[in-house]
Amino acid sequence: MATKEPIRLRQRRTPTGNVSLYLDIYQNGRRSYEYLHMYLIPEHTRQDRDKNRETLALAEAVRAKRIVELREGTFGFRKQFNEETNFLAYYEQICSKRAKQESNGNLGNWQSCLAHLKAYDRHLAQRTFADIDRTWVEGFRDYLEKNARTWQNDDRNRGLNHLSRNTCLSYFNKLRCCLSQAFEERIIAYNPAQGVENFKPREGTRMYLTLDELRRLTETRCESRSVRRAFLFSCLTGLRRSDIERLTWGEVHTQGEYTRLIFSQKKTGGLEYLDIAPEAAALMGERGKENEHVFRSIYTASTTNHYLKQWCARAGIQKDITFHCGRHTFATVMLDLGTDIYTVSKLLGHRELRTTQIYAKVIDKNKQAAVSRIPSILTAEDE
């Protein structure tokens with residue numbers, strides 16, 4: 001006589017026409033159900049069939065996991081998972097924890113994602129994790145791609161611009177990260193973002209100054225001396241704004257003829273040992289107390305960038321330069337001067353060489369040398 005399956009995958013048609021998947025559980029003479037918040041959609045195209053196949057495979061994986069838990073004696077859905085946890089409160093708790101360790105930029109992305117989540121779902125405050133299924137996650141992805149608009153300080157431009165592809169990727173990854181953490185903490189039985197197609201990153205333009213432009217900038221007056229010092233320091237060291245703001249004199253050391261910075265990157269938390277050029281050391285000014293900041297005030301990011309734009313315009317540099325371009329400038333200048341890419345990677349504090357290779361693509365002397373070897377074929381008439 002065949003043994004009866006203790007857990008079966010069942011289907012139930014919903015009023016919307018989709019098919020809801022759930023587990024039919026028979027244990028110790030009692031029957032219970034676990035709704036998976038996974039749905040099969042009507043199959044009109046090949047993509048529909050492929051999507052349903054992935055959903056069924058995921059549901060079967062959950063069923064197999066439940067059977068293992070049943071056999072190991074760890075079964076008990078209501079005790080194991082806490083899907084009635086409020087989603088908004090959980091997300092805000094993550095933001096609060098990250099506020100103590102994240103850069104302002106990344107924390108801002110978490111908060112902006114939350115603003116878009118609220119715009120996407122006006123009932124978000126009442127949602128529990130039991131309400132967050134794959135359809136909901138896919139809906140948020142579609143919202144980011146088709147309906148979401150940028151938040152502008154200028155009311156005349158508010159809501160007029162679509163989000164860039166990379167911004168969509170960043171915000172969607174915040175939701176995925178939240179759901180992954182909830183899965184790891186056994187808030188949810190499965191991750192509804194699993195299998196949902198993510199945005200493909202789009203390589204952006206890395207604006208930088210050439211060595212000649214940098215010299216021209218140093219010969220031009222800047223309205224703010226503190227912005228001038230900090231930005232040139234970034235161009236000569238590759239340090240991010242966040243690390244320059246946090247740098248204290250206790251992290252500045254003298255080793256023979258060299259000045260070395262020993263500090264922890266705010267973005268990665270990694271401990272860095274960075275030798276800096278004499279001109280960069282001169283920009284720091286007179287040494288202060290160990291706990292004093294080297295660069296005391298460079299204003300807010302928007303104010304700093306305003307001074308930089310004025311400064312560049314006065315120097316005749318027609319580029320959209322922000323403070324972070326100082327880091328790009330350092331990388332491209334180093335490569336242009338012939339520094340090997342491995343050393344540049346270490347100077348920038350990159351964890352992976354492929355991150356630095358983006359700069360090598362910008363400054364590719366091999367390509368320049370190749371096109372310069374093309375012989376002249378034009379006649380005087382063509383010219």
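Start by selecting Thr254 and Thr259: Thr254 stands opposite Thr259, which belongs to S5. Before going on, note that this is a predicted model, where local features need pLDDT of at least 70 and side-chain atom pairs count only at pLDDT 80 or more, while totals for chains, interfaces and linings use all residues. Residues are numbered from 1 along each chain as its sequence is written, and side-chain values use heavy atoms, with hydrogens and water left out.

**The sheet**

Now show strand S4 (252–255) along with S5 and S6. They make an open sheet of 3 strands in the order S4-S5-S6, with antiparallel pairing. Strands here are DSSP runs of E with at least two residues, helices are runs of H or I with at least four, and both are numbered from the N terminus. Two strands pair if DSSP finds at least two bridges between them; S4 and S5 have 4, in the antiparallel sense. S4 and S6 are the edge strands, each pairing on one side only. Look along the sheet for its twist, which averages 30 degrees from one strand to the next. That angle is taken between axes, lines fitted to C-alpha atoms (for helices over the stretch in contact), and runs from 0 to 180 degrees between N-to-C directions.

**The largest core**

Next, select Leu217, Phe231, Phe233, Leu261, Ile276 and Met284. Of the 34 residues in the largest nonpolar core, these touch the most other members. Such a core is a set of buried Ala, Val, Leu, Ile, Met, Phe, Trp, Tyr and Cys residues joined through side-chain atoms within 4.5 Å. Buried means under 20% relative accessible area, exposed over 50%, and partly exposed in between, with a 1.4 Å probe and protein chains only.

Elements giving two or more residues to this core include helix H7 (211–218), helix H8 (225–237), strand S5 (258–264) and strand S6 (271–276). H8 gives the most, with 6 residues.

Zoom in on Leu217. Which residues is Leu217 in contact with, leaving aside its neighbours within four places in sequence? They are Leu209, Arg228, Phe231, Trp311, Cys312, Ala315 and Ile317, where contact means heavy atoms within 4.5 Å. Apart from this core lies another, of 33 residues, among them Leu169, Tyr171, Val196 and Phe199.

**Helix H12**

Move on to residues 325–336. H12 has 12 residues and reaches 16 Å from its first C-alpha to its last, close to the 16 Å expected at 1.5 Å a residue. H12 is mostly covered, with 11 of its 12 residues buried. To see what surrounds them, bring up H7, H8, helix H13 (341–348) and helix H14 (353–362), against which the buried residues of H12 pack. Just after H12, click on Gly338, which takes a positive phi of about 100 degrees.

**The aromatic stop**

Finally, show the rings. The whole structure holds 16 aromatic pairs; rings of Phe, Tyr and Trp (its six-membered ring) pair if their centres lie within 6.5 Å, with planes under 30 degrees apart counted as stacked, over 60 as edge-to-face and the rest as tilted.

Select Phe87 and Trp136, an edge-to-face pair at 5.8 Å centre to centre, with 65 degrees between the planes. Phe87 sits in helix H3 and Trp136 in helix H5, 49 residues apart. Both Phe87 and Trp136 are buried. Tyr120 is in helix H4, 16 residues from Trp136.

Is Tyr120 buried or partly exposed? It is partly exposed, because its relative accessible area is 25%. Trp136 has 8%, so Trp136 counts as buried.

Notes: Expected span 1.5 Å × (residues − 1).
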